[in-house]
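Biologist: I am new to this structure. Could you walk me through reading a few of its features?

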Amino acid sequence: MLVLMEIWESIRDFVGTGGQVLYVVAIALFLMWVLMIERYWFLLAEYPKMKADIVAKWDARQDTTSWYAHRIRDAWISEASEKLEARMLIIKTLVAMCPLIGLLGTVTGMISVFETMATQGTGNARLMASGISMATIPTMAGMVAALSGVFFSTRLEARAKMAKEKLVDSLPHH
């Protein structure tokens, strides 16, 4: 329990230094990771069942050579592809938004520095330093969040593409 209290205090100190914008970065990061974990779950647990079902339905068909059979095959591939790519655009958008949210923190921190300079002058370095840290920490947090999202979303997208290609290969058309 004491360890959790210390972690919470560290987080509060970090947010206090970086400003309220860090909460927005944290929300975007949390949502991005929830969606990526859900996509990985789909790829590893749900999609193999779906693929096996599609392949079984194709193998059970008497007619696999007619124009009509090919349209059914294309429809099944399209449906699987749509499910594989679901929520990927939202994930990419969240990845792109994280640095922008960090830049919002930079702007608010610099406004704080300029307000301090206007009211206190340039002689109080300690007050200006808090504004500067409020300007740099959110940018760093947004970049770190985006980097984690770029790496894993790219891998996720590649896995989805490979899964679709394997489905196409497992549904032979004559």
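**A loop and its neighbours**

Modeller: Let's start with Arg-87, which sits in the loop between α3 (67-84) and α4. Helices here are DSSP runs of H or I, at least four residues, numbered from the N terminus. This is a predicted model, where local features need pLDDT of at least 70, side-chain atom pairs count only at pLDDT 80 or more, and totals for chains, interfaces and linings use all residues. Residues are numbered from 1 along each chain as its sequence is written, and side-chain values use heavy atoms, leaving out hydrogens and water.

Biologist: What is the phi of Arg-87 near?

Modeller: Most residues other than glycine have a negative phi. Arg-87 has a positive one, near 65 degrees.

Biologist: Which helix does α4 pack against, and at what angle?

Modeller: Axes are lines fitted to C-alpha atoms, for helices over the stretch in contact, and angles run from 0 to 180 degrees between N-to-C directions. Helix α4 (residues 88-120) packs with helix α5 (residues 125-170) at about 175 degrees, their axes 7 Å apart. That makes α4 roughly antiparallel to α5 (an angle over 145 degrees).

Biologist: Where is the kink in α2?

Modeller: A bend is the angle between axes fitted to the seven residues ending at a residue and the seven starting there. In α2 a kink of about 45 degrees lies at Glu-46, shortly before the proline Pro-48.

Biologist: Which residues does UniProt list as "transmembrane region"?

Modeller: Such annotations may be inferred rather than shown by experiment. The unreviewed UniProt entry lists residues 20-42, 89-111 and 131-152. In the model, residues 89-111 are 100% helix, with end C-alpha atoms 33 Å apart, while residues 20-42 are 96% helix, with end C-alpha atoms 34 Å apart.

Definitions and conventions
Helices (H or I, at least four residues) and strands (E, at least two) are DSSP runs, numbered from the N terminus. Angles under 35 degrees count as roughly parallel, over 145 as roughly antiparallel, 65 to 115 as roughly perpendicular and the rest as oblique.
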